[in-house]
Amino acid sequence: MKKPLRAKSRQAVQTTPVKTRLGGSQRWGMPANGSVSTARQVDDLRHYQSELEIQNKALRFSQSAAEGAYERFVTLFSNVPLALMVVDDGGQILENNARALALLRPIESDPPLTYFQPLVHADDLNALQTGFTTARLEGACELNELRFDGASNGIITGDLHISRIDANQDERTTFICAIIDQGPLLTQRSALQASADTLQQRNTELLQSKTHLAAIINSSLDAIICVDRQQRIIVFNPTAATLFRCPAEQALGRMLADFLPDAVRALSYSEITSHAQLGEMSGITTAGDAVPLDISLSFEHHPDGDIVTIFAHDLTAQKKMEAHRQALESQLRESQKMQAIGTMAGGIAHDFNNIISAILGNVELAREDAQLDSAVATSLTEIDKAGRRARDLVRQILTFSRNEPPHRVSLQLADVIMETTRLLKVTLPPQVDLVMDIQPDTPPVMADATQIEQVLLNLCTNAIYAIGRCKGTIRVALDYSKRSHQATGERRGGLRGQHIKLTVGDTGTGMSETVLQRVFEPFFTTKPVGQGTGLGLSVVHGIMRAHQGSVSVKSVPGQGSVFTLYFPFSNDAAQPESIMPAPAAPTATAPNGTGQKVMYVDDDEALVFLVRRLLTRRGYVVSTFTNPKLALQALRADPAQADLLVTDFNMPGYSGVDLIRDVTALRPDLPMALASGYVTPEIERDALAAGAKALIHKPNDIEELCDTVQKLLGESRVKR
């Protein structure tokens, strides 16, 4: 290594002038005459030599001190942990230490450090020139984050400190340059910046999460309440404010027991660590109303105390839906019960009809054989009355059980009411007043007059029974509403849109809520045993459903009952038919046969025996069968043995429709009739499709059966 600083130091020591003159005129004391003695001169020379030795010793000491200082400077220059270089005014590197070589030229194959400017990145040269100029004028300058060419180390970023070295006027200006490697600092700074960015991102995410959580809490459909360890409310979302009817700002700070006392008791008696489902509890609003709630909660453990979050789901709508569902289930059970009763009634009607038909038919035959004024004729008349009452009862059962629509025509309900009340007044007790309130110009409706009469008779009969022996009033009113179909409201138990309202009210004993729940239930009656069948109101309900209407009842115990019937009507209804009874036709002689062959098939032996006697007496040749398959075999053996086939529908294993279908395939021209006490639209459709020409509804009169037989035989004779 070059050591220019040492050479300069020696030269400076050797050329230092001696400013003190030893042995001058001030010390020799020249005599006045100018002569000096030899002894005096020797003495002065000795003193001069002694002073020179002292000065030489001082010079040697100064030289030794300078050399020590220089050695210490060189050692410091070489070992300081900074890249140091001595640069002259032209940019030539005069000196550099090991740290500069390790930083800028780490290996021997790297180019030497000769000039300073090539070490600096081209983009930073202007800053470098400015720095040297500043250092030349001011003595020092500091440049931050310059990029240096580190050869094998690549580009190095560091700070540059430039200091001017003072020298003689005739020498060029030199500078000492210190390069501080900022790579580790920049790496650390980048890491800190990355950490700061990550922290900032996490803070942003935390803020977003907090915002999202607040949005979720505020938009939750459940009430969310947070309480501290003293069970004071610290969070009260809008749903909770609406549920408990308390603004959030008023709820904050209040005790949880003010709104959820049951939850407070559950918290005090339960050891809950994280989550819990408390189930259904009651909450209390600020107005003091109880609210059914489903409560669950969670715990958050904090150093300064646990926080409990309570979730309350309002069960009010669910309770209403549950009550509505129970009401619908009750209606469904009632409907299923009525359907089951109807099915049962339709099933047993077959046997009832056969029994009643046999009774009435044999009574009719017996009356023909008995004398008109005999006691037997009187007894037969009473039997006939009882049988017809039984037939009417079965018809009530069938009216309730049948699904087929009634025979509806356009008629005026006012005419039906007047005709029915005319018959009712005959049997009306004297203590009961009948009040009529018929609104004029009531529109016509599509209805079955006979069934409407039956409805009115049933309701009025029940009203008479409810009044009993006390004085009372039955009020029958007819009114109508012209509300449009677009009306948004719906009358409970009534119809939407236009309807006619028929009301039957009484001032009787009324009904309790328990009785009202079962009032339309089949066979339910409050009358003593033997005084009621329990079918009257069931028949009313069935008839109104068949007329696409409805019936409602209001009753207060001790104040009477009001039944309201709603009938739909249209402004373009057809012209009503008159329900006045037609003049009685003259009684005609019963039709008699002329030997026509009639085959009658029924599984009831009593009815088969009756029909054989009846038709034989009327001049027909009758063959009867209780097994439909035997009847089919007989026709296959001799297809010409019957001019007419009458068969029952409900027979085990082989119905009357099946028999008609097979006989049609055998004899298409044979007229056939189907008899049944329970004829549904499906049965009628299947029978006509199979080949039946007529339907006979049981129980029937003898004359009705004979008329049907004569009619079918006459039509068959005309076709031939």
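Because the model is predicted, local features are reported at pLDDT of at least 70 and side-chain atom pairs at pLDDT 80 or more, while totals for chains, interfaces and linings use all residues. Residues are numbered from 1 along each chain as its sequence is written, and side-chain values use heavy atoms, with hydrogens and water left out.

**Overall make-up**

The protein chain has 20 helices and 22 strands, where helices (H or I, at least four residues) and strands (E, at least two) are DSSP runs numbered from the N terminus. Of its 720 residues, 39% are buried; buried means under 20% relative accessible area, exposed over 50%, and partly exposed in between (1.4 Å probe, protein chains only). The accessible surface comes to about 41,300 Å², and carbon and sulfur atoms account for 54% of that surface, with areas taken from the Shrake-Rupley method with a 1.4 Å probe, and with only the protein chains shown counting as cover for residues.

**Salt bridges**

The structure holds 12 salt bridges, each defined as a side-chain nitrogen of Lys or Arg within 4 Å of a carboxyl oxygen of Asp or Glu. Among them are the following pairs.

| Pair | N to O distance |
|---|---|
| Arg147 and Asp123 | 3.7 Å |
| Arg147 and Asp124 | 3.4 Å |
| Arg189 and Glu145 | 2.8 Å |

Arg189 lies in helix 6 (residues 183–219) and Glu145 in strand 3, so this pair links parts of the chain 44 residues apart. Salt bridges that share partners join Asp123, Asp124 and Arg147 into one network.

**A buried glutamine**

Gln596 lies in the loop between strand 17 (560–568) and strand 18 (597–601), and this residue is buried, with a relative accessible area of 10%. A polar atom of the Gln596 side chain lies 2.6 Å from the backbone nitrogen of Thr594. Leaving aside residues up to four places away in sequence, Gln596 touches Gly619, Tyr620, Val621, Asp643, Leu713 and Arg717, a contact being heavy atoms within 4.5 Å.

**A nonpolar patch**

Phe352, Ile355, Ile359 and Ile383 make a nonpolar surface patch of about 330 Å². Patches consist of residues with over 30% relative accessible area and no salt bridge, like charges being joined within 9 Å and nonpolar side chains (Val, Leu, Ile, Met, Phe, Trp, Tyr) within 5 Å. Helix 10 (residues 316–369) gives the largest share, 3 residues, whereas Ile383 lies in helix 11 (residues 375–401) and is partly exposed at 39% relative accessibility.

Key. A polar contact is a pair of N or O atoms within 3.5 Å; within protein, one must be able to donate a hydrogen and the other to accept it, and residues adjacent in sequence count only if both atoms are side-chain atoms.
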